[in-house]
Amino acid sequence: MKRDLMGIVGAVALYALLMGLIESEVIGAFWQLNIVLICINIILAVSLNLITGFTGQFSIGHAGFMAVGAYLSAVFTVKLGLPYIVGILAGAAGAAILGFAIGLPTLRLKGDYLAIATLGLGEIIRITILNIPYVGGASGLMGIPRYTTFTWAFFLMVITVLFIKNFINSSHGRACISIRENEIAAEAMGVDTTKYKVIAFTIGATFAGVAGGLFSHYFYIAHPASFTFMKSFDILTMVVLGGMGSITGSITTAILLTYISAELASYPEWRMVIYALLLIVLMIYRPQGLFGNKELSLKLFSRILGGGQRGAAENK
Amino acid sequence: MEASSLTQQFFQQLINGISLGSIYALIALGYTMVYGIIRLINFAHGDIYMLGAYAGYFATTFFKMSFFPALIFSMVVASTVGMLIERLAYRPLRGAPKIAILITAIGVSLLLEYGGMILVTPQPRTFPELFSTATYNFMGLVVNSQQIVILVVSLALMFILTYVVNHTKVGKAMRAVSFDTDAARLMGINVDRIISFTFAIGSSLAAAAGILVGIYYNSIDPLMGIMPGLKAFVAAVLGGIGVIPGAMVGGVLLGVIEALVSGFLSSTFRDAAAFIILIVILLFRPAGLFGKNIREKV
């Protein structure tokens with residue numbers, strides 16, 4: 001609890017710093033956009049890490065839940081004229097319900113079969129949205145007001161990280177980790193593996209929905225092409241590079257990779273080639289990812305980064 | 001009147017489906033053989049198919065080859081690349097956790113797609129017309145020459161493959177490795193060489209599929225391999241992954257289902273159909289249609 005408070009204080013300090021830089025226009029519009037993107041990507045990576053890294057269930061359908069959040073929240077704000085927060089909550093709830101409904105049958109599958117099934121489900125979600133004229137079909141849902149500000153993105157990111165971190169450190173989280181380590185042993189010890197797998201999957205989907213809501217209300221549009229399985233691969237890359245089972249790892253790589261893609265914005269092919277080479281080389285030489293399943297501690301963190309960027313991460 | 005035009009449309013879609021399906025089948029064979037032998041979903045397989053299409057494109061435009069030399073050329077190029085990928089990316093990970101290998105495969109796939117974009121530019125290219133398009137009418141059904149070529153070439157390749165796997169020494173070794181890798185090694189089979197060989201065969205079949213698709217749709221681009229690759233995987237799962245006849249049947253079946261869905265429902269649901277089949281198969285019969293009946297798997 002004390003650490004949580006310190007984390008929140010650190011996060012508020014970081015927020016004040018960044019906000020000051022934005023207000024004084026030290027950070028221009030381009031990097032402002034990328035900071036919001038970083039926040040969204042952190043939410044996505046950390047929530048997928050709960051499913052893939054901590055619970056060990058390989059999912060390549062995360063973009064599908066993000067799409068649900070993006071569209072549902074936009075429907076609530078644009079079509080029904082409700083406030084933004086209601087939209088975000090609705091998007092999260094929709095993604096959660098879908099995550100539960102999908103997780104219950106598919107989480108019986110294991111390893112690469114589960115991966116392929118989640119990939120297929122993500123695509124089914126996307127194609128279904130594509131065929132609903134009410135939300136714009138193939139041309140996407142346009143005219144979404146830009147409700148997402150840096151403040152929204154930042155604090156939702158902090159809430160996500162805090163929630164997932166506390167979940168993992170709870171007895172439920174321990175149960176999830178035991179499933180990753182050895183499913184049969186976990187079951188023998190009395191862990192209801194199906195229940196915890198579905199819980200982890202649902203929580204992950206919920207926050208992906210939140211990220212989707214932020215996303216569509218920042219870029220004025222929800223378009224089916226933004227949520228292909230390439231997006232899921234993107235998120236997965238962040239999780240794997242950072243280390244499966246390391247929240248700080250996911251945060252670091254989310255920042256790093258968003259930064260790389262911002263720098264390489266005019267050469268999108270090179271960006272993907274670099275991603276690909278990173279993945280291959282890392283899997284051969286360091287399959288556990290940059291951080292493995294270790295977390296950066298506050299001390300180490302402040303020493304390395306001099307008081308550092310990401311307050312929310314420091315609360316381990 | 002209404003009913004007869006419906007049946008006619010049904011048979012027309014059946015023809016389209018079979019020619020599309022035999023392409024899926026060719027790609028699915030590579031998936032199923034590699035999975036059968038090292039239990040790896042080779043995500044990069046769809047991109048090998050793209051590579052084959054490009055090799056065929058350059059063979060016919062720059063080297064002015066005709067169809068058959070171009071086919072052989074691209075199959076050789078693809079099998080070399082396939083073996084190279086296996087050697088450089090997958091072999092160092094033999095015995096590593098499954099997820100690590102799967103992620104490497106995704107990495108290789110992205111590398112081929114976007115590396116390809118850098119090499120040959122992302123713009124789609126027009127595949128040269130290697131056969132004059134002739135259309136034949138049978139009782140109101142339209143069949144064009146490309147469809148006939150696709151069917152003949154893929155049937156011939158499948159026939160050769162079946163012969164190699166069932167009646168040659170190397171095929172016997174492949175079956176042995178797929179059945180029990182350790183026992184095969186103890187019997188003096190060079191397992192690494194057989195795995196290389198499996199990648200070579202699978203990749204060459206995918207390359208053939210690439211050229212055939214180039215001829216059929218006239219257009220190729222660096223990302224063309226993603227969807228057919230995934231669908232061919234679905235086909236392999238549908239037929240029972242690891243089972244060679246299963247991949248053939250699964251591919252054709254998937255092609256037919258897709259054609260019927262796009263003909264009778266909506267073409268936008270076409271892609272969803274494949275994935276729905278995948279989910280249903282995985283949930284209710286993970287072994288696939290032929291998973292139990294046929295023991296032989298390579």
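**View 1. Helices H6 and H8 of chain B.** H6(B) and H8(B) lie roughly perpendicular to each other, since angles of 65 to 115 degrees count as such. This is a predicted model. The angle between H6(B) and H8(B), the latter spanning residues 191-217, is about 105°. Their axes are 10 Å apart. H6(B) contributes B:Val170, B:Ala173, B:Met174 and B:Val177 to the contact. H8(B) brings B:Val191, B:Ile194, B:Phe197 and B:Thr198. Seven residues of this contact are nonpolar, one is polar and none is charged.

**View 2. Helices H5 and H6 of chain B.** H5(B) covers residues 145-167, and H6(B) covers residues 169-179. The two pack at an angle of about 75°, with axes 5 Å apart. That angle makes H5(B) roughly perpendicular to H6(B). From H5(B), the contact takes B:Val164, B:Val165, B:Asn166 and B:His167. From H6(B), the contact takes B:Val170, B:Gly171, B:Met174 and B:Arg175. By class, there are four nonpolar residues, three polar and one charged. B:Val170 and B:Met174 also belong to the contact of H6(B) with H8(B).

**View 3. Helices H9 and H10 of chain B.** H9(B), residues 226-239, packs on H10(B), residues 244-264. The angle is about 120° and the axes are 7 Å apart. H9(B) is therefore oblique to H10(B). The crossing of H9(B) past H10(B) is right-handed. On the H9(B) side, the contact is made by B:Lys231, B:Ala232, B:Val234, B:Ala235, B:Ala236, B:Leu238 and B:Gly239. On the H10(B) side, B:Gly246, B:Ala247, B:Val249, B:Gly250, B:Gly251, B:Leu253 and B:Leu254 take part. The residues of this contact comprise nine nonpolar, four polar and one charged.

**View 4. Two loop residues of chain B with positive phi.** B:Arg39 sits in the loop between helix H1 (2-38) and helix H2 (45-61) of chain B. Its phi is near 55°, a positive value in a residue other than glycine. B:Arg39 counts as partly exposed because it has 15 C-beta neighbours inside 10 Å. B:Lys64 lies in the loop between H2 and helix H3 (67-90) of chain B. Phi of B:Lys64 is near 55° and, again, positive in a residue other than glycine. B:Lys64 has 10 C-beta neighbours inside 10 Å, so B:Lys64 counts as exposed.

**View 5. Contact between chains A and B.** Across the chains, 31 residues of chain A are in contact with 33 residues of chain B. On the chain A side, helices H5 (111-130), H10 (229-242) and H12 (268-285) each give two or more residues. H5(A) gives the most, with 13 residues. The chain A side has 24 nonpolar, four polar and three charged residues.

**View 6. Helix H5 of chain A.** H5(A) has 20 residues. From first C-alpha to last, H5(A) reaches 29 Å, close to the 28 Å expected at 1.5 Å a residue. H5(A) is mostly covered, with 16 of its 20 residues buried.

**View 7. Helix H6 of chain A and its packing partners.** H6(A) runs over residues 150-168, which makes 19 residues. Its first and last C-alpha atoms are 27 Å apart, close to the 27 Å expected at 1.5 Å a residue. The buried residues of H6(A) include A:Ala153, A:Phe154, A:Leu156, A:Met157 and A:Val158. Further along, A:Thr160, A:Val161, A:Ile164, A:Lys165 and A:Ile168 are buried too. The buried residues of H6(A) pack against helices H1 (2-23), H2 (29-54), H7 (171-181), H9 (193-216) and H11 (247-263) of chain A.

**View 8. A:Tyr147 in its loop.** A:Tyr147 is placed in the loop between H5 and H6 of chain A. A:Tyr147 is partly exposed, as 19 other C-beta atoms lie within 10 Å. Leaving aside neighbours within four places in sequence, A:Tyr147 is in contact with A:Thr77, A:Tyr84 and A:His217. A:Phe215 is 68 residues away along the chain, and its C-alpha is separated from that of A:Tyr147 by 10 Å.

**View 9. A:Ile274 in helix H12 of chain A.** A:Ile274 is found in helix H12 of chain A. A:Ile274 counts as partly exposed because it has 18 C-beta neighbours inside 10 Å. A:Ser261 and A:Ile274 are 13 residues apart in sequence. In space, the two are 9.8 Å apart, C-alpha to C-alpha.

Note on methods: Residues are numbered from 1 along each chain as its sequence is written. Chains are lettered from A and ligands numbered from 1 in the order in which they are written. This is a predicted model: local features need pLDDT of at least 70, side-chain atom pairs count only at pLDDT 80 or more; totals for chains, interfaces and linings use all residues. Axes are lines fitted to C-alpha atoms, for helices over the stretch in contact, and angles run from 0 to 180 degrees between N-to-C directions. Helices (H or I, at least four residues) and strands (E, at least two) are DSSP runs, numbered from the N terminus. Angles under 35 degrees count as roughly parallel, over 145 as roughly antiparallel, 65 to 115 as roughly perpendicular and the rest as oblique. A crossing is left-handed if the near helix is turned anticlockwise from the far one by less than a right angle, and right-handed if clockwise. Two residues are in contact if their C-beta atoms, placed from the backbone, lie within 7 Å. Ala, Val, Leu, Ile, Met, Phe, Trp, Tyr, Cys and Pro count as nonpolar, Asp, Glu, Lys and Arg as charged, and the others, Gly among them, as polar. The expected span of a helix is 1.5 Å times one less than its number of residues. A residue is buried if 20 or more other C-beta atoms lie within 10 Å of its own, exposed if 12 or fewer, and partly exposed in between; C-beta atoms are placed from the backbone.
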